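Hello,

Here is the structure for your files.

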Amino acid sequence: MERVTVARTLTALRRTLLGLVGLQVGLAVALSLIDSYRRRGKKPKPFPVSGPDTVPVGDGEITTYTFGRDLYDDMLAAIDGAKKQILFETYIWKGDDIGWKFKTALTAAAARGVDVHCVYDGFANMVVSPAFKRFPPSLKVLRYPVWTAGLRVWDLRRYGRNHRKMLVVDEEVAFLGGYNIGSAYATEWRDTHVRITGPGVWDMKRAFADFWNLNRHHRLRRNERPLLLETASDWDPQIRVHKNVPRQWNFPIRSMYLEAINRASRNIWLTTAYFLPDQDFVDALAEAARRGVDVRILLPLKSNHIVADWISRGYYGQLLGAGARILRFRDAMVHAKTATIDGSWSTVGTANIDRLSLQGNYEINLEVIDPAFAAVMEEVFRTDESNCLELTLDEWEARDLNRKFTESFLAPLRPLL
């Protein structure tokens, strides 16, 4: 009799839990559909940006871009000027006007004898026209597949998406940052990318080659030789490239952030498109604020993923209570993944402050220790801050019960994002 009672209790508990999860997922889907309907036909408003800014760092230079059109012009110019090799990698590659400009430029480079390698993520481009994703044989294209685990469904190391965005040309110049490839990103989204020259370019090339060689079996030509690299002749201690490699269970970008935050003594200015950190990350920021560090977190007022917005708000009370400031970018999507600390340390890259980026996806971030570059990043932050609404602790605590309930109800979905 006791066994029957226990079995019935466990069955009821499982049904309750499944029903709760179903309600959470249902609410998330409903919020997404409502938000999509409300956005229909609406265009983002203009936002303040500055032109490309170049500073010397070590034996090279770093140029910072905050407007997509400026970035795309320089990336296309680099492709058009390529003589030996182009390594191009992106998460989203739209089949629109900008997407076709890149495809045409890469095809033309291959036609004149340049060795062109391209990588894009299959899942992120499922809605892109199949016609656009047909490439001439002169381009070596790796489509990172939608389903990456194969028959190893239990192996969590094989589920990461390829969220990286980079371009390396002739070992002379490299581009890295948050910009995907598409017309909307050229003028409607606020993002950050950098162009680097000098020894750091070789590290970027190695990062591309490592991913290509690890995943080249996804190409149809199984007998293709690996992408080989020459040994680097120089190394710049002011610039480091950090790569998240889920296949190897290696996630250094999170550690990079935590180390810099824990060392901070003056300011931490962080910009991210999606803010869904783990509790250790929140604790590090809160502790920095409590010891007197100027902690500012700049986020979209409304991102393109409304569920992520609702879930991220669950951390606001802890941060505001500790003295951190939360700045919400208005009228457009801010998609940058950057931070600058104490006037000397900065990072720009592809990783958001969420579980998927910090402990799930293939990501790449540049870490720069240089006062001149930090000054540029601080100026970029101030420009973005001029377009923000600050969330105060009083305003946060005064939100209505409906908002508090929705935030709490969706909180268990955090590990999925």
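First, a term: buried means under 20% relative accessible area, exposed means over 50%, and partly exposed lies in between (1.4 Å probe, protein chains only). This is a predicted model: local features need pLDDT of at least 70, side-chain atom pairs count only at pLDDT 80 or more, and totals for chains, interfaces and linings use all residues. Residues are numbered from 1 along each chain as its sequence is written, and side-chain values use heavy atoms, leaving out hydrogens and water.

The structure holds 20 salt bridges (a side-chain nitrogen of Lys or Arg within 4 Å of a carboxyl oxygen of Asp or Glu).

Arg 296 pairs with Asp 294, with 2.9 Å between the closest N and O atoms. Asp 294 is partly exposed at 23%. Arg 296 is buried at 13%.

Arg 325 bridges to Glu 385 at 3.7 Å, closest N to O. Arg 325 sits in strand E14 (residues 325-329) and Glu 385 in helix H11, so this pair ties together parts 60 residues apart in sequence. Shared partners join Asp 294, Arg 296, Arg 325, Glu 385 and Glu 390 into one salt-bridge network. Helices (H or I, at least four residues) and strands (E, at least two) are DSSP runs, numbered from the N terminus.

Now the loop. Asn 387 lies between helix H11 (371-385) and strand E20 (388-391). Asn 387 is buried, at 8% relative accessibility. Its side chain reaches the backbone oxygen of Arg 330 at 3.0 Å.

Best wishes

Methods. A polar contact is a pair of N or O atoms within 3.5 Å; within protein, one must be able to donate a hydrogen and the other to accept it, and residues adjacent in sequence count only if both atoms are side-chain atoms.
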